[in-house]
Amino acid sequence: MPTPVKELRQEWTAREAQAEALIPLIGSLYRDNNVVTSIHGRSLINKSAIDILKLHRFARQIDEIELPIADTLTFVKALDALDLGAASLDIAQLIYKFKESDFASPEDFLRAELAEIVGKKGADERTATDVVLYGFGRIGRLVARILIEKAGGGSGANLRAVVVRKGGEDDLVKRASLLRRDSVHGAFNGTIVVDKDNNTIQANGTLIQFIYANDPAAIDYTQYGIKDAVVVDNTGRWRDEAGLSQHLSSKGVSRVLLTAPGKGNLKNVVYGINNDMITDEDSIITAASCTTNAITPVLKAINDEYGVEHGHVETVHSYTNDQNLIDNFHKGDRRGRSAALNMVLTETGAAQAVAKALPEMAGKLTGNSIRVPTPDVSMAILNLTLAKETTKEELNKYLRKMSLNSPLRKQIDFISSPEVVSTDFVGSRRAGIVDGLATIVNGNHAVLYVWYDNEFGYSCQVVRILEDMAKVHAPAFPEKV
């Protein structure tokens, strides 16, 4: 018998009230204790009551039932009473682990599970690292948004400055406007204050110095109180060691991160795959491309379980600023034709670049790309010959598991909806999202469709590398996924 409408409304109102009760507790843990809380890797920070309820609904993909918000409220209240030190806590995973344990109460379980940070009241052993964004284009502004969002108590990667070439008298105001409003990603979540006299922008309490310069080697960052900074070069102007080393000649810079594939012997890192190769001696690291970041985690997962003998990668990629809006001269083939009117066949180095992060894929992949008239969100089609046979159901079940409960869950997402289209993935924080309903399997031949926000998803990967370089990842609990 259906539940009466009145009861449904009362149940919803009660759950909404519990979500609202969570908000100040989550905020207090974040501000006072440097504790970041999440539900299956999806952050609870600065979320509305409805957002929190949606995250609890999402949990049914793992446990086949919705995560009870009452359980989360009980756990977060217990956490708030423990005077915790800095940490990243997955509340859903902690709840599941508690239910499988022999502890009588959440309080006893949490005190034992989080023993190393209990009673440390916001103590943070991390050393804050200064960050400079060299360039303020699509990726630069999104990286800025993410860093501002994660600023917390200031013990992580701290955005201190942005370097650009001055475009006119109103340059700072226009830069602030581009940070405040975005045609694809929407409005900035917070407040922005412009100080033209001091060339600064204050965004949600983060003070960002704007520096106008043409020569990356001639900037003295120390005069702005910046030292041992990581420069994130998102201009794409220099991609080899010689060019990027110019940043290291500036006072106050210790390391460089390139938001593009590097040339020569530079390390191309895909976070989650080969970030363990980053050492203290590396002064220049590159974050590969958005496509390489999207497909490499999925290819690793497939290769680990089924083996990949060979394959072809076709990317259907949104147009970029490198293309012309209307037909005009372009040094590249076909890219001179109007990006807004045409599908443009072009090359991609992503298939070959996978091998730099995943050496076992060397020589196994070919690739091509079609640029299409959309501003953001792309798709990679992986046409693979596997070492062993499988089925669509088995392959999808495996990839869904990898997206929800594996070390690659921050890189791989999974969806099985018959109605999703590209705009549904704007703002995804995963490197790539497997579209399960589109999967095709015939024996040992598989075709996978992987969506990716080539701007925001990639920017999240860049920030993860940046945090790794700076060693500002907080301890995460539970320790084992």
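The following legends describe close-up views of a predicted model.

Local features are given for residues with pLDDT of at least 70 and side-chain atom pairs for pLDDT 80 or more, whereas totals for chains, interfaces and linings use all residues. Residues are numbered from 1 along each chain as its sequence is written, and side-chain values use heavy atoms, with hydrogens and water left out.

**Figure 1. A patch of positive charge on the surface is formed by R239, K263, K331 and K356.** A patch is made of residues with over 30% relative accessible area and no salt bridge, like charges being joined within 9 Å and nonpolar side chains (Val, Leu, Ile, Met, Phe, Trp, Tyr) within 5 Å. Lys and Arg count as positive and Asp and Glu as negative, while His and the chain ends are not counted. Each charge is placed at NZ of Lys, CZ of Arg, CG of Asp or CD of Glu. Accessible areas come from the Shrake-Rupley method with a 1.4 Å probe, and for residues only the protein chains shown count as cover. K356 lies in helix α11 (residues 350-357); helices (H or I, at least four residues) and strands (E, at least two) are DSSP runs numbered from the N terminus. K356 has a relative accessible area of 42% and is therefore partly exposed, where buried means under 20%, exposed over 50% and partly exposed in between (1.4 Å probe, protein chains only).

**Figure 2. K121 and K331 are separated by 58 Å, C-alpha to C-alpha.** In sequence, K121 and K331 are 210 residues apart. K121 belongs to the loop between α6 and β4 (129-134). With 48% relative accessibility, K121 counts as partly exposed.

**Figure 3. A salt bridge joins the side chains of K97 and E113.** A salt bridge is a side-chain nitrogen of Lys or Arg within 4 Å of a carboxyl oxygen of Asp or Glu, and the model has 20 salt bridges by this rule. For K97 and E113 the N to O distance is 3.0 Å. This pair links distant parts of the chain, with K97 in helix α5 (residues 91-99) and E113 in helix α6 (residues 106-113), 16 residues apart. K97 is partly exposed because its relative accessibility is 34%.

**Figure 4. E455 and R138 meet in a salt bridge.** The closest N and O atoms of E455 and R138 are 2.9 Å apart. E455 is buried at 8% relative accessibility, whereas R138 is partly exposed at 23%.

**Figure 5. R335 forms a salt bridge with E347.** The closest N and O atoms of this pair are 3.9 Å apart. R335 counts as buried at 13% relative accessibility, while E347 counts as exposed at 55%. The loop between β13 and β14 also holds R334, which is not a glycine but has a positive phi of about 70°.

**Figure 6. Four strands form an open sheet in the order β2-β1-β3-β21, with mixed pairing.** The edges are β2 (42-43) and β21 (476-477), each with a single partner strand, so one side of each is left without a neighbour in the sheet. Two strands pair if DSSP finds at least two bridges between them. Strand β1 (residues 35-39) pairs with β2 in the antiparallel sense over two bridges, and S38 has S43 in β2 as its bridge partner. In the segment after β21 lies P478; the peptide bond from F477 to P478 is cis, with omega near -5°.

**Figure 7. Strand β18 (residues 432-435) has buried residues pointing both ways.** G432 and V434 point one way, I433 and D435 the other, and all are buried. Strand β17 (residues 412-415) pairs with β18 in the parallel sense over four bridges, with I412 opposite G432. The pairing of β18 with β20 is antiparallel, over two bridges, and I433 has W451 in β20 as its bridge partner.
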